[in-house]
Amino acid sequence: MSITPSAAPPSLSYELYPPVNRDATEGVFNSIEALQATNPDYVSVTYSGTHARRRASLELIEHLIQNTRLRPLAHLTCVGESRQSLENLIRHFISLGVRGVLALRGDLPTDPDGWRGEFPFARYLIELIREVETEHSAALAGGRLGVGVAAYPIQHPESPSFEHDVEVLLAKERSGANYAITQVYFRPEEYTNLVDAARRAGVGIPIIPGVIPLNSLKRLNRLASMTGVEPDPILAHALETASSDAERHYIGVNAAVTLARRAFDDGAPGVHLYTFNDHRGSLDVIERLELPRTRAQVSNSWAARAAV
């Protein structure tokens with residue numbers, strides 16, 4: 001990847017899941033320490049599931065703010081939430097020191113009679129964030145919250161068409177979104193096609209590719225089930241026939257690097273790495289990408305990485 005001297009360095013960010021139990025907590029904290037050494041722009045923290053999982057998300061965000069140099073991007077979903085509960089969460093984020101929110105609809109309840117909440121689409125959540133933001137201009141020093149949204153290189157499983165997904169992205173921008181992060185994808189041309197279609201439709205916000213270094217067929221299939229994105233058969237076959245964990249690690253890193261390099265060639269403003277709370281693959285990806293902002297930090301992070 002080549003960056004001109006006058007160009008801004010590409011952004012770098014990661015996604016973390018709150019630990020599901022005490023046994024997972026140590027692993028998450030180890031990953032936080034290792035990823036912090038690369039000086040990312042922000043670390044997104046997922047927010048979904050049971051009340052216990054949501055509480056764990058808030059605790060992880062608070063830990064990042066109070067005990068690390070990392071800047072959290074707080075996920076916020078509107079499914080199953082009232083307007084009042086969402087307002088309270090946004091205010092709580094601001095009081096903690098959060099300055100970035102990823103506004104998502106969230107997964108619909110599996111029970112067809114389950115309550116879906118007051119806001120059916122993410123664009124209404126974005127508008128609410130902007131409303132609450134104006135009430136806290138003093139706390140924000142006259143600034144604004146950075147609001148990110150999801151973008152879909154592959155047609156969303158609930159969408160009538162890919163073109164409809166692009167129109168939804170445009171609507172989210174008009175509601176106040178600042179940038180988008182893509183759902184996972186497996187073929188380089190899928191990011192290219194999304195950006196081309198979005199620009200033709202009038203979308204102007206940055207679209208950041210989200211990639212993941214997958215090191216197991218089980219995880220690939222689980223991800224496909226969660227997102228509705230069909231696994232790449234070539235990647236699936238390579239993972240299935242690999243003879244060792246080391247080979248599977250290399251295959252996953254190489255696939256992620258290929259996606260990111262093509263995205264940078266197409267003008268991507270940065271890269272977002274879905275870590276599954278395993279920092280090893282992400283560190284190898286950014287080392288291979290040789291991001292100007294992270295070369296020194298990655299080189300200095302090997303000791304922390306080896307200790308994990």
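I worked from a predicted model, in which local features need pLDDT of at least 70 and side-chain atom pairs pLDDT 80 or more, while totals for chains, interfaces and linings use all residues. Residues are numbered from 1 along each chain as its sequence is written, and side-chain values use heavy atoms, without hydrogens and water.

I took a cavity as a set of points on a 1 Å grid over the protein atoms alone where a 1.4 Å probe fits but cannot get out, with lining residues having an atom within 4 Å of a point.

**Largest cavity.** I noted a space of about 90 Å³. Its lining has 5 nonpolar, 5 polar and 3 charged residues. I found that α9 (245-265) and α10 (279-289) each supply at least two lining residues, and that the largest share, 3 residues, comes from α9.

**Second largest cavity.** I recorded a volume of about 40 Å³. The residues that line this cavity are Tyr152, Pro153, Ile154, Gln155, Gln183, Val184, Thr227 and Val229.

**Helix pair.** I then turned to α2 (residues 51-67) and α3 (residues 83-96), which pack at an angle of about 20° with their axes 10 Å apart. This angle makes α2 roughly parallel to α3 (angles under 35 degrees count as such). I listed the contact (heavy atoms within 4.5 Å) as Leu58, Ile61, Glu62 and Ile65 of α2 with Leu89, His92, Phe93 and Leu96 of α3. These contact residues divide into 6 nonpolar, 1 polar and 1 charged.

Definitions and conventions. On a 1 Å grid over the protein atoms alone, a cavity is a set of points where a 1.4 Å probe fits but cannot get out, and a pocket is an open set with protein on both sides within 12 Å along at least five of seven lines; lining residues have an atom within 4 Å of a point. Grid points are joined across faces, edges and corners, and a volume is the space filled by probe spheres set on the points. Helices (H or I, at least four residues) and strands (E, at least two) are DSSP runs, numbered from the N terminus. Ala, Val, Leu, Ile, Met, Phe, Trp, Tyr, Cys and Pro count as nonpolar, Asp, Glu, Lys and Arg as charged, and the others, Gly among them, as polar. Axes are lines fitted to C-alpha atoms, for helices over the stretch in contact, and angles run from 0 to 180 degrees between N-to-C directions. Angles under 35 degrees count as roughly parallel, over 145 as roughly antiparallel, 65 to 115 as roughly perpendicular and the rest as oblique.
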